[in-house]
Amino acid sequence: MPVVEDFLPADLRLPTREELAGILMAHDSPLVLDGEVRACCDCGAYRKWVIASTKEGVWLRCPAGHEQVEPRLDAAWFNRTSGPFTGQHTTYDECLRFLGR
């Protein structure tokens, strides 16, 4: 069978999730895990999270900027919950600004 080149030019292709350092999404409503509302360990905030999926796990960032890994969440949960890519950013801070944080 002949090899067919990808139909998209290289400059229009997005990296795969495995090629990215991480993927972020905003999660404004309370995050309920195992029947409990998840609150920040440092300040008690329980909504307006930024949730990041990285090779190291799923991280939560509260509105005050406290970050903690959430072992009850994994990449499969993140992929089911997040929407499609809406932008690609070169830095973590740039992505946070894009998300309004």
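**Reading exposure, cores and cysteines**

Me: At 57% relative accessibility, does Leu-12 count as buried or exposed?

Reply: In this predicted model, Leu-12 counts as exposed because its relative accessibility is 57% and the cut-off for exposed is over 50%. Leu-12 is placed in the segment before S1.

Me: Which residues form a nonpolar patch on the surface with Leu-12?

Reply: Phe-7 and Leu-8 form the patch with Leu-12, and together the three have about 350 Å² of accessible area.

Me: Which residues touch the most other members in the largest nonpolar core?

Reply: That core has 15 residues, and those with the most contacts to other members are Leu-31, Trp-49, Ile-51, Leu-60, Leu-73, Trp-77 and Phe-78. Two or more residues come from each of strand S1 (22-27), strand S4 (49-54), strand S5 (57-61) and helix H1 (75-81).

Me: What does Ile-51 touch, leaving aside residues up to four places away in sequence?

Reply: Its contacts include Ile-23, Leu-24, Met-25, Leu-31, Leu-60, Trp-77 and Phe-78.

Me: How many disulfides does the structure hold?

Reply: A disulfide is a covalent bond between the sulfur atoms of two cysteines. The structure holds 0 of them. For Cys-41, the nearest cysteine sulfur is that of Cys-40, 6.2 Å away, so Cys-41 is beyond the cut-off of 2.5 Å. Cys-41 counts as exposed, at 64% relative accessibility.

Technical notes:
Residues numbered from 1 in each chain as written. Predicted model: local features only at pLDDT ≥ 70, side-chain atom pairs only at ≥ 80, totals over all residues. Heavy atoms only, no water. Buried < 20%, exposed > 50% of the residue type's maximum accessible area, 1.4 Å probe, protein only. Core = buried A, V, L, I, M, F, W, Y, C linked by side-chain atoms within 4.5 Å. Helix = DSSP H or I, 4+ residues; strand = E, 2+ residues; numbered from the N terminus. Contact = heavy atoms within 4.5 Å. Patch = residues over 30% accessible without salt bridge, like charges linked within 9 Å, V, L, I, M, F, W, Y side chains within 5 Å. Areas by Shrake-Rupley, 256 points an atom, 1.4 Å probe, with all protein chains shown as cover. Salt bridge = Lys/Arg side-chain N within 4 Å of Asp/Glu carboxyl O.
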